[in-house]
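Here is a short briefing on a ligand site and the spaces around it. Please look at the structure first.

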Amino acid sequence: MNDQARNLRKMLHMASNTEKETNVIAVVSGKGGVGKSNFCLNFALELKKTGKEVILFDLDIGMANVDILMGTSAKHTIVDMIERELSIWDIIERGPDNLSFIAGGTGLSSMFQLNHRKFSRFLQQLELVNGNYDYIIFDMGAGVSKDSLHFILSANEVFVVTTPEPTSVTDAYAMIKYIQLKDQEIPISLLVNRADSSSEGKKTFENLNLVTHQFLQKEIRLLGIIPDDPSVLKAVKAQTPFVIHASESKPSKAIQEIVQQYTGEKREELTPPFTTFLNKFKKYFTDR
Ligand SMILES: Nc1ncnc2c1ncn2[C@@H]1O[C@H](COP(=O)(O)OP(=O)(O)OP(=O)(O)O)[C@@H](O)[C@H]1O
Ligand SMILES: [Mg+2]
C-alpha cells in the first residue's frame, strides 16, 4: 500500500474514534492450558457488546491460536508486520461480531533480536492504534519469556488466570511473585477458571491473596470466577466463542458478570494509560 492510501485509511479509521484512552490489559498464567485464550476472546466479545472498542492481540507467538478458537484463518499476523513491513492496519483482522484481532504468528524468534530499525517501526505501528480502541487485550503465552515480560510489565494491568488445581495456583503465585519483584505498582487481578463451585473459586482467590499479601505485600483483586462446564469444550470444537455458541451457559453468564463488574469499577488514571504503556515498553527495550 502506498503512503497516501495508508494515510487515508488511517484518517478514515480515526475519524469516528477520537480521544479514546486506550487501556492495555495483559492476560497471563503460570501454568499452560488454564483457559487464557478462551477467556480473552469471550471477555473481548462481551466487552465489545457494552459499546467499547476492543482489540485482541495474540502475543503467544509460536503457539498462537485465537484465530482457531474463532474459526477464522488470519491472512496476516504480527510476524508479517515486522518481517514484511505491513502496517498495523493491514494485519488487523475481523472475527465474530466484527471483533478486531491481531493474530500471533510463527517464525519470529524473539523481539530481542529485532534490529533497531525493525523495533522502532514496530513501536511506531503500535502507537498508531492509540485512540482507536478503549481496550487492547494481550493474550500472552503461559509463563514468561524475556519478550513477554516487557509486554506484561508495560501493560496498565495484568489478569492472572488460574484454575483451582494446586499446581496451577502455585504457578500463578510464582508468576505474581515474578511480576511483583519487577514492578510493585502494576494492578493484578485474578480470574479463577474451571471452578466446581463459586465457593471453590472464592477459596482459591482468598488463599492466593493471603500468600501474596503475606509474602509479597501485594493485594490482588478478584476479577471473577468461571465455572468448569462442558459448553466450553463444545464451543472450542465448534470453533465458535462460547458467549456466542452457548450464550445462556454458566460460563457465558460468568463472563457477562465479569464485564459488568469490570466496567463498573472506577479507575483513576493519572497519566493516559496508553502513553504509560508505550513509555514503559520503550524503556524496557532501550535498557535491554
Ligand atoms: N471453564 C471451562 N470449563 C471447561 N473446560 C474449559 C474451561 N476453560 C477452558 N477449558 C478447556 O481448556 C482448554 C484450554 O483452554 P485455552 O486454550 O483457552 O487455554 P490457554 O490457557 O490459552 O492455553 P495455552 O497456555 O496453551 O495458551 C479448552 O480447549 C477447554 O477444553
Ligand atoms: Mg492460549
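The points below cover the ligand, the pocket and the cavity.

This is a predicted model, in which local features need pLDDT of at least 70, side-chain atom pairs count only at pLDDT 80 or more, and totals for chains, interfaces and linings use all residues. Residues are numbered from 1 along each chain as its sequence is written, chains are lettered from A and ligands numbered from 1 in the order in which they are written, and side-chain values use heavy atoms, with hydrogens and water left out.

**Around ligand 1**

- The shell of ligand 1 holds 18 residues, a residue being near if one of its heavy atoms lies within 4 Å.
- G33, K36, S37, N38 and N193 come nearest to ligand 1.
- α2 (36–49), β7 (188–195), β8 (221–227) and α10 (230–237) each give at least two residues to this shell. Helices (H or I, at least four residues) and strands (E, at least two) are DSSP runs, numbered from the N terminus.
- The shell divides into 7 nonpolar, 6 polar and 5 charged residues. Ala, Val, Leu, Ile, Met, Phe, Trp, Tyr, Cys and Pro count as nonpolar, Asp, Glu, Lys and Arg as charged, and the others, Gly among them, as polar.

**Backbone atoms and cover**

- A backbone N or O atom of G35 lies 3.0 Å from an oxygen atom of ligand 1.
- For S37, a backbone N or O atom is 2.9 Å from an oxygen atom of ligand 1.
- A polar backbone atom of D229 lies 3.0 Å from a nitrogen atom of the ligand.
- Taken alone, ligand 1 exposes 640 Å², and the protein buries 83% of that (Shrake-Rupley method, 1.4 Å probe).

**The largest pocket**

- Ligand 1 takes up the space of the largest pocket. A molecule sits in a pocket if more than half of its atoms lie within 2 Å of its grid points.
- On a 1 Å grid over the protein atoms alone, a pocket is an open set with protein on both sides within 12 Å along at least five of seven lines, a cavity is a set of points where a 1.4 Å probe fits but cannot get out, and lining residues have an atom within 4 Å of a point.
- The largest pocket holds about 510 Å³ of space, a volume being the space filled by probe spheres set on the points.
- Its lining has 25 residues, with G33, V34, G35, K36 and N38 closest to the centre.

**The largest cavity**

- The count comes to 1 cavity of 30 Å³ or more.
- The largest cavity has a volume of about 50 Å³.
- β8 gives the largest share of its lining, 3 residues.

Terms used:
Polar contact = N/O pair within 3.5 Å; in protein donor to acceptor, adjacent residues only side chain to side chain.
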